Amino acid sequence: MTDRRSPVERVLARDRFAVLAALVGLTGLSWVYLVMMAGDMQRMADAPAMPDMPGMTQGGMNMLRAAPWTATHFAMMLGMWAVMMVGMMLPAAAPMILFFATFARRSREQGHTVAPVGAFVAGYLVVWSAFALAATTLQWGLDRLSLLSPHMTTISPVLGGTILIAAGLYQWSPFKDACLGLCRSPIAFVMGHWRTGASGAFRMGVEHGAFCVGCCWALMALLFVGGVMNLLWVAAITLAVLTEKLAPRGRWIAKAFGAALVFGGIWIAAAGLGYGPMG
């Protein structure tokens with residue numbers, strides 16, 4: 001069958017395929033890492049108490065949790081969060097990255113100076129790496145206050161319910177809606193934030209990453225409720241992010257998520273205070 005596409009269209013299709021393959025490969029490697037790390041942490045959490053270490057109760061992790069964090073442990077947690085953000089957020093960012101790659105190719109053909117798509121992706125990942133640093137610091141703080149279980153979930157139903165309620169209310173906020181609107185419209189973002197050159201592409205990536213964080217940070221906070229390394233919970237949040245960003249009625253879906261989170265948070269918090277069926 002004859003390929004009736006123009007040479008330009010064939011080049012653009014090849015570029016999109018290469019970028020998509022890179023995104024799929026990077027996302028896949030991130031999830032492989034998360035699965036392996038989750039297995040290691042599960043084995044640590046479920047390890048039986050040592051006879052000569054009576055403090056190693058509740059899965060043999062209380063002593064580990066009580067011990068001060070070392071620089072190595074902090075770095076390991078930071079790496080985990082950074083890889084998790086790549087695995088969770090790159091799929092939702094794929095339409096924006098693919099559109100940038102196409103737009104950049106056409107701009108170069110018209111004689112404009114445009115950086116490779118890698119500069120844009122680098123800027124995007126820098127922002128989420130900064131978010132990973134903030135999340136790691138928050139995890140350290142919660143751990144020092146003994147508010148996290150060995151599986152890295154909140155042990156206080158009131159705190160967990162409060163996080164759910166706050167995340168649900170944020171889903172209805174104008175700021176969330178504005179950030180989600182730019183995340184859902186690659187054309188609007190590129191037209192309103194276009195920069196030339198490598199530094200320009202990097203800056204665009206940073207700006208888009210900032211809007212993405214503004215859109216999704218509250219959903220990421222839910223990891224402390226369902227478990228930072230609970231892969232089913234991680235996958236559920238990833239699916240929620242994908243749905244509200246890519247589905248035709250994503251904005252209404254985001255609000256529906258918000259309502260469900262608020263009701264769920266009230267139920268959990270009330271149960272923790274002794275007013276619900278779990279109390």
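Select helix H4 (residues 117-144) together with helix H8 (residues 197-221); the crossing of H4 and H8 is right-handed, a term used when the near helix is turned clockwise from the far one by less than a right angle, anticlockwise being left-handed. The two axes lie 6 Å apart and the helices pack at an angle of about 40 degrees. Axes here are lines fitted to C-alpha atoms, for helices over the stretch in contact, and angles run from 0 to 180 degrees between N-to-C directions. The contact of H4 with H8 comprises 19 nonpolar residues, four polar and no charged. In this scheme Ala, Val, Leu, Ile, Met, Phe, Trp, Tyr, Cys and Pro count as nonpolar, Asp, Glu, Lys and Arg as charged, and the others, Gly among them, as polar.

The model is a predicted one, in which local features need pLDDT of at least 70, side-chain atom pairs count only at pLDDT 80 or more, and totals for chains, interfaces and linings use all residues. Residues are numbered from 1 along each chain as its sequence is written, and side-chain values use heavy atoms, with hydrogens and water left out.

Now display the whole protein chain. Its secondary structure amounts to eleven helices and zero strands; helices (H or I, at least four residues) and strands (E, at least two) are DSSP runs, numbered from the N terminus. Of the 279 residues in the chain, 43% are buried, where buried means under 20% relative accessible area, exposed over 50%, and partly exposed in between (1.4 Å probe, protein chains only). Among contacts with a separation of 6 or more, 76% join residues 24 or more positions apart, contact meaning heavy atoms within 4.5 Å.

Next, follow the chain out of H4 to Ser146, in the loop between H4 and H5. Ser146 has a positive phi of about 55 degrees although it is not a glycine, and it is partly exposed at 42% relative accessibility.

Continue to Ala166 in helix H5 (residues 157-170). Ala166 is partly exposed, with a relative accessible area of 46%. Select Gly265 as well: it stands 99 residues from Ala166 along the chain, yet their C-alpha atoms are separated by 8.5 Å.

Move on to helix H6 (residues 174-184) and helix H11 (residues 250-272), whose axes come within 10 Å and cross at roughly 140 degrees. H6 and H11 are therefore oblique to each other; angles under 35 degrees count as roughly parallel, over 145 as roughly antiparallel, 65 to 115 as roughly perpendicular and the rest as oblique. This crossing is right-handed. Lys176, Asp177, Leu180, Gly181 and Arg184 in H6 meet Gly250, Arg251, Ala254 and Lys255 in H11. The residues of this contact are two nonpolar, two polar and five charged. Within H6, the buried residues are Lys176, Cys179, Leu180, Gly181 and Cys183, and their cover includes H5, H8, helix H10 (231-246) and H11.

Finally, which residues of H7 are buried? They are Pro186, Phe189, Val190 and His193. Seen down the axis of H7, these fall within an arc of 95 degrees, so they line one face of the helix; the arc is that of the directions from the helix axis to the C-beta atoms. On the other side of H7, Ile187, Met191 and Gly192 are exposed. Zoom in on His193, in helix H7 (residues 186-193), which has a relative accessible area of 16%. Leaving aside residues up to four places away in sequence, His193 touches Leu182, Met204, Glu207 and Phe211.
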